[in-house]
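Student: Could you take me closely through one part of this structure, the aromatic side chains and the helices that carry them? I would like the cut-offs behind each term as you go.

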Amino acid sequence: MLKTKYEKYIIKRSAVLFLLIAVVDFIFLKNKFLVFFGLLIGSTFSIIKFGMWAILLSKFFLPSRNGAVVVKSIVIFLLLFGGTALLFVISVLINMSLLIGVTEGVLLVPFTVFFLSLIGGAGIKNNDFIK
C-alpha cells in the first residue's frame with residue numbers, strides 16, 4: 001500500500017492538511033478532544049481507503065484483467081462504502097462532535113486530491129497531476 005510517488009505525495013499533503021484542520025478545530029470548536037479523536041479515526045480510515053483504492057484500481061486497469069477482478073472490485077467498493085456508512089452511523093450515535101471530526105477525516109484525502117488538482121490546473125504550482 002502507498003508504493004508510488006504520487007500516493008506518497010498525496011499522503012504527505014494530507015498530513016499537512018490534517019495538522020491545519022486540527023489547529024482550526026482546537027481554536028474554534030467546543031469539544032476539542034472529541035473532535036480531534038474523530039478527525040484521527042476518520043483520517044486513518046480515509047488513508048486506508050485511499051490505499052485500498054490505489055491497489056484496486058491498479059489491478060483493475062491491467063490489460064490482462066478478467067471477470068473475477070471486476071467482481072472483486074465491485075465487492076471491495078461496496079465494503080468500503082458500507083464501512084464508511086457504518087463509521088458515520090457509529091459516530092452519530094456516540095456524539096455529534098465526534099461526527100464532525102469523522103466527517104473531516106473521511107473527506108481529508110478527497111479534499112487533498114481536489115486542492116492539488118485545482119492548484120496544478122490553475123498553473124500555480126506544477127505537481128505532475130495536471131500536464
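Tutor: What follows begins with the whole chain and then turns to the aromatic rings and their surroundings.

This is a predicted model, in which local features need pLDDT of at least 70 and side-chain atom pairs count only at pLDDT 80 or more, while totals for chains, interfaces and linings use all residues. Residues are numbered from 1 along each chain as its sequence is written, and side-chain values use heavy atoms, with hydrogens and water left out.

The protein chain has five helices and zero strands, where helices (H or I, at least four residues) and strands (E, at least two) are DSSP runs numbered from the N terminus. Its C-alpha atoms fill a box of roughly 55 × 40 × 20 Å along the principal axes. Of its 131 residues, 31% count as buried; buried means under 20% relative accessible area, exposed means over 50%, and partly exposed lies in between, with a 1.4 Å probe and protein chains only. The accessible surface comes to about 8500 Å², and 77% of that belongs to carbon and sulfur atoms; accessible areas come from the Shrake-Rupley method with a 1.4 Å probe, and for residues only the protein chains shown count as cover.

As for the rings, a search of the whole structure finds seven aromatic pairs. Rings of Phe, Tyr and Trp (its six-membered ring) pair if their centres lie within 6.5 Å, and planes under 30 degrees apart count as stacked, over 60 as edge-to-face and the rest as tilted. The rings of Phe26 and Phe33 form an edge-to-face pair, because their centres are 5.6 Å apart and their planes stand at 75°. Phe26 is partly exposed at 30% relative accessibility, whereas Phe33 is exposed at 65%. The pair of Phe77 and Phe81 is stacked, because the planes of these rings lie at 20°, with centres 6.4 Å apart. Phe77 and Phe81 are four residues apart in helix H3 (residues 67–94), so about one helical turn separates them. Phe77 counts as partly exposed at 38% and Phe81 as exposed at 57%. Ring pairs also link Phe18, Phe26, Phe33 and Phe36 into a cluster.

Phe18 is among the buried residues of H1, which also include Tyr9, Leu17 and Ser14. The 24 residues of H1 should span 34 Å at 1.5 Å a residue, and its end C-alpha atoms, 35 Å apart, agree with this; the expected span is 1.5 Å times one less than the number of residues. Ser14 lies in H1 (residues 5–28) and is buried, with a relative accessible area of 1%. Neighbours within four places in sequence aside, Ser14 is in contact with Leu108, Val109 and Thr112, contact meaning heavy atoms within 4.5 Å.

Helix H5 (residues 108–122) holds Phe111, which is partly exposed at 42%. Phe111 belongs to a nonpolar surface patch of about 670 Å², made with Leu107, Phe114, Phe115, Leu118, Ile119 and Ile124. Patches are made of residues with over 30% relative accessible area and no salt bridge, like charges being joined within 9 Å and nonpolar side chains (Val, Leu, Ile, Met, Phe, Trp, Tyr) within 5 Å; a salt bridge is a side-chain nitrogen of Lys or Arg within 4 Å of a carboxyl oxygen of Asp or Glu.
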